[in-house]
Amino acid sequence: MKVLVPIKQVIDANVRPRVKADGTGVDLANVKLSINPFCEIAVEEAIRLKEKGKASEIVVVSIGPAKAQEIIRSAYALGADRGLFVETEERVEPLAVAKVLQAIIAAEQPGLVILGKQAIDDDSNQTGQMLAGLLGWPQATFASKLEVDGDRATVTREVDGGLETLALTLPAIVTTDLRLNNPRYPTLPNIMKAKKKAIDVKKPEDFGIDITPRLKVLKVSEPPARKPGIKVASAEELVKDLKAAGVL
Amino acid sequence: MASYKAPLRDMRFVLFELMDGEDIATLPGYEEATRDLIDSILEEAARFCEEVLLPLNRSGDEEGCVFENGVVRTPKGFPEAYKAFCEAGWPGITASPEFGGQGLPKVVNGLIEEMICSSNLSFGLYPGLSHGAYVALESHGSKELKDKYLPKLVDGIWSGTMCLTEPQCGTDLGLCRTKAVPAEDGSYRITGTKIFISAGEHDLTDNIIHLVLARLPDAPKGIKGISLFLVPKFLVHDDNDLGARNSVSCGSIEHKMGIKASATCVMNFDEAVGWLVGEPHKGMRAMFTMMNTERLAVGLQGLGIAEVSYQGAVAYARERLQGRSLTGAKYPEKPADPIIVHPDIRRMLLTQRAYAEGCRALGAWVARHLDLHHHPDATMRQQAEEFVSLMTPVVKALLTDLGSEAANLGVQVFGGHGYIREHGMEQYVRDARIAQIYEGTNGVQALDLVGRKMPADMGRLLRRFFHPVSNYIEEKASQAALTEFVDPLGKAFTRLQQATIKVAQAGLRNPDEAGAAATEYLRLFGLTALAYLWARMAEVSLPKAERDDVQGFYAAKVATARFFMQRLLPQTGALFSSIMAGSKSTMAFDEAAF
Ligand SMILES: Cc1cc2nc3c(=O)[nH]c(=O)nc-3n(C[C@H](O)[C@H](O)[C@H](O)COP(=O)(O)OP(=O)(O)OC[C@H]3O[C@@H](n4cnc5c(N)ncnc54)[C@H](O)[C@@H]3O)c2cc1C
């Protein structure tokens, strides 16, 4: 079974993002960019399926600006077999991504698609769901455990107050939650091999898909600075203040 | 809790801006080492060090190694971390692809070693010793020995040791008493006691390969009668399966000041089976081969500690509120100013920083020349070798001395909170201390510099350093923007030249003159080397600080260069005076009066 893993490059989780002076977005110049942590978990899960003999090939796909190609190499270094990169300097929205993926899936015919539940830059949490809708495939989001047996998958999901277990018929869409696994460190030999591996580069036009954004970003701003707290002298004063604030 | 972020930005600066790192890939055998690949490798190494090794540093220190019935247990988490380290392929960075290594440049490895030492010096000793054993065996072992042992050393499944020291034999290896007797099958039986053997016994690997200095029955007396032997903990069958336990065992482990998670073992050899490495009585030659690499590696231990101590000290200095700035409150809204406003704290932080960044450049400069071993041109190879040979004692002693100084400053910045264990700052002092002692004490490094390297071939080795520096000073003398860096460099360099003449001449008449001046001479030499690199770093950074210096990286470089030139380099004046004063006051002192 072929497993397809769509991945996205995002601002590194350890970097403190800064908003551009003109308020058009987050400043990405000179900051560290990495594979989205949820996507990395998706790659790891695919590799584990392969190690268990459940998957035969892992194909990673990414859509983004030229420099995002690096993350295909990161995925190679972890153990992905083949990579497809769709290059565009345009800002891509979940629906556009889902449509491009739909076209790729039509050609690749994977038995399972594992995506991150969301990208930590825009927190959309939509691509997997939209893709399942477009394909008419079953979906299991926020997976904390995944088991594959023949053409069936069992997915445990973290829901409010407990765990939910779903049975799906493949092909299907699964999106990963944080506790699905702990991604491995790439090995030095694999990092070196990854540099030499070919990447298949395409353009959105190659799939005849219009990725023009449907949403317009009006303004991006830093969260307002937190105001310092005050010390109250007594419980009475606290109650009075809370009442004044309309909380009580 | 200690925090550490590998200084990747500065490492890239050293590799690709100060030096022409892209050049590395033009050397035969290093074609793959492109900037892109080096970047990825450094980044992954940093992640591994920060996430896996760093969290075990303090717990490893608290827990230490445990010895019970001949078995050594490393601290909690060490076996798992070591396994992950090997699985990720880190033991084989520079090893030859022929034996399963990645054949990457030593200059890259040096930067990774620094990160490992910053994160967990004790841990780093285990793979470090294996690497030393690898180098000795690779250059001097028979094909048979290499095929049998190197691949497992490279993938880390087995580890290595260097067994030189004995109770009566430390610096003076000629006093070695361990005996080797030929057996009928071409192997040898090794008998004797070695002490202070790092990684002599532990629970990280299936087998331990000891490289042991011993004396054959017909050996000449002294240092010319030492041979090198390979003695495995478990004998290895031809099919590579482990066989019987060899008669080598750990008698005890030392309780010591620092690097507590590294097992320092007494090793007893009792007619243990061993094999000769290299030629009989030529053991020291094999030792010298690995020494350049190993001494550089020990120097990097000092650098690693300087860096991590600096990072801890800066973080604390920003947070700790005590007193007010002498020139009026800088943070009036707070109950006191953070101590980073105080001149004395800034002096300490900048000293740590200037040492760490300067030593990083120096280490890389020398490691870069180790890589020129791959150069197609024989003259280039020869000159690079001479440069490395000259600079090795300087790097070993200077980087470990300054590492210790920096670690002590780190404690001082923390005040009492540095002296207690909680923040981990005092551990750096304890861990850094050993690097000044092992792999040849720093006093002995200084003797190597003045006694061996300085007079070699009528000073030919010296020229490998003196020429590039004097050319640089001459070339840049007319550039006004660089005057504030090149002038002090020139002054220090003149002192070094005069001190060299004095030490060489006086040393010829009376060797005690050279011996008495050696340590100060090495420091003068080292500071001048740092000054040269700081001038060059300032030169590279000045134009970049003018434009597009978003993070202020280049401005900070120039400012640190200034601090080094104005506040640290003047030490050369005192060193110079003390060297020129000669040995008399030291040697005339009546021994009985001590
Ligand atoms: C934690 C630890 C780990 C170690 N790991 C290893 C290891 O893995 N393998 C191994 O073989 N050894 C190891 N050693 C031993 C270490 O290399 C020696 O301790 C070191 O070489 C110094 O030898 P020594 O202790 O006998 O001191 P000595 O040689 O007795 O020196 C004492 C003092 O005299 C000075 N001195 C000695 N000779 C001269 C001279 N000719 N001129 C001027 N000054 C001189 C020295 O500089 C020093 O200050 C380790 C030691 C420690 C503490």
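These are my notebook entries on a predicted model with chains A and B and a ligand.

**Entry 1: the ligand**

Sorted by class, the shell holds 11 nonpolar, 7 polar and 1 charged residues.

**Entry 2**

I found β3(B) beside β6(B), paired in the parallel sense over 6 bridges. In this pair, B:Met162 stands opposite B:Leu211 of β6(B).

Strand β6 of chain B covers residues 207–214. I asked myself how many of its 8 residues are buried. The count is 7, and I noted the strand as mostly covered.

I also looked at β7 of chain B, residues 227–232. It is joined to β6(B) by 6 bridges, and these two strands run antiparallel. B:Leu211 turns up again here, opposite B:Leu230 in β7(B). As a reminder to myself, strands of a sheet pair through backbone hydrogen bonds, and the pairing is either parallel or antiparallel.

**Entry 3: helix α12 of chain B**

I listed its buried residues: B:Asn442, B:Gln445, B:Ala446, B:Leu447, B:Asp448, B:Leu449, B:Val450 and B:Lys453. What covers them? I found that the cover includes α9 (378–414), α13, α14 and α15 (511–546) of chain B.

**Entry 4: α13 against α14 in chain B**

Two of those covering helices, α13 and α14, I checked against each other. Two packed helices are described by the angle between their axes and the distance between the axes. For α13 (residues 460–476) and α14 (residues 483–509) of chain B, the axes come within 10 Å and cross at roughly 145°. The crossing of α13(B) with α14(B) is left-handed.

From α13(B), the residues in this contact are B:Leu462, B:Val469, B:Ser470, B:Ile473 and B:Lys476. They meet B:Val486, B:Leu489, B:Gly490, B:Phe493 and B:Thr500 of α14(B). I sorted the residues of this contact into 6 nonpolar, 3 polar and 1 charged.

**Entry 5: where the chains touch**

I counted 17 residues of chain B in contact with 9 residues of chain A. Which elements give two or more residues to the chain B side? They are α2 (35–53) and α4 (78–87) of chain B. I noted that α2(B) gives the most, with 6 residues. By class, this side of chain B has 8 nonpolar, 5 polar and 4 charged residues.

**Entry 6: the sheet of chain A**

Last, I turned to chain A, where I found an open sheet of 9 strands with mixed pairing. I wrote its order as β9-β8-β7-β10-β6-β1-β4-β5-β11. The edge strands are β9 (162–169) and β11 (200–202), each of which pairs on one side only. From one strand to the next, the twist averages 30°.

Within this sheet I checked β1 (residues 2–7) and β4 (residues 57–64) of chain A, which pair in the parallel sense over 6 bridges. The bridge partner of A:Val3 in β4(A) is A:Ile58.

I also looked at helix α4 (residues 127–135) of chain A. It lies across β6 (112–116), β7 (139–149) and β10 (172–176) of chain A, and runs at about 65° to β7(A).

Definitions and conventions. Residues numbered from 1 in each chain as written. Chains lettered and ligands numbered in written order. Predicted model: local features only at pLDDT ≥ 70, side-chain atom pairs only at ≥ 80, totals over all residues. Near = placed C-beta within 6 Å. Nonpolar A, V, L, I, M, F, W, Y, C, P; charged D, E, K, R; others polar. Buried ≥ 20, exposed ≤ 12 C-beta atoms within 10 Å, placed from the backbone. Helix = DSSP H or I, 4+ residues; strand = E, 2+ residues; numbered from the N terminus. Pairing = 2+ DSSP bridges. Contact = placed C-beta atoms within 7 Å. Axes fitted to C-alpha atoms, helices over the stretch in contact; angles between N-to-C directions. Left-handed = near helix turned anticlockwise from the far one by under 90°.
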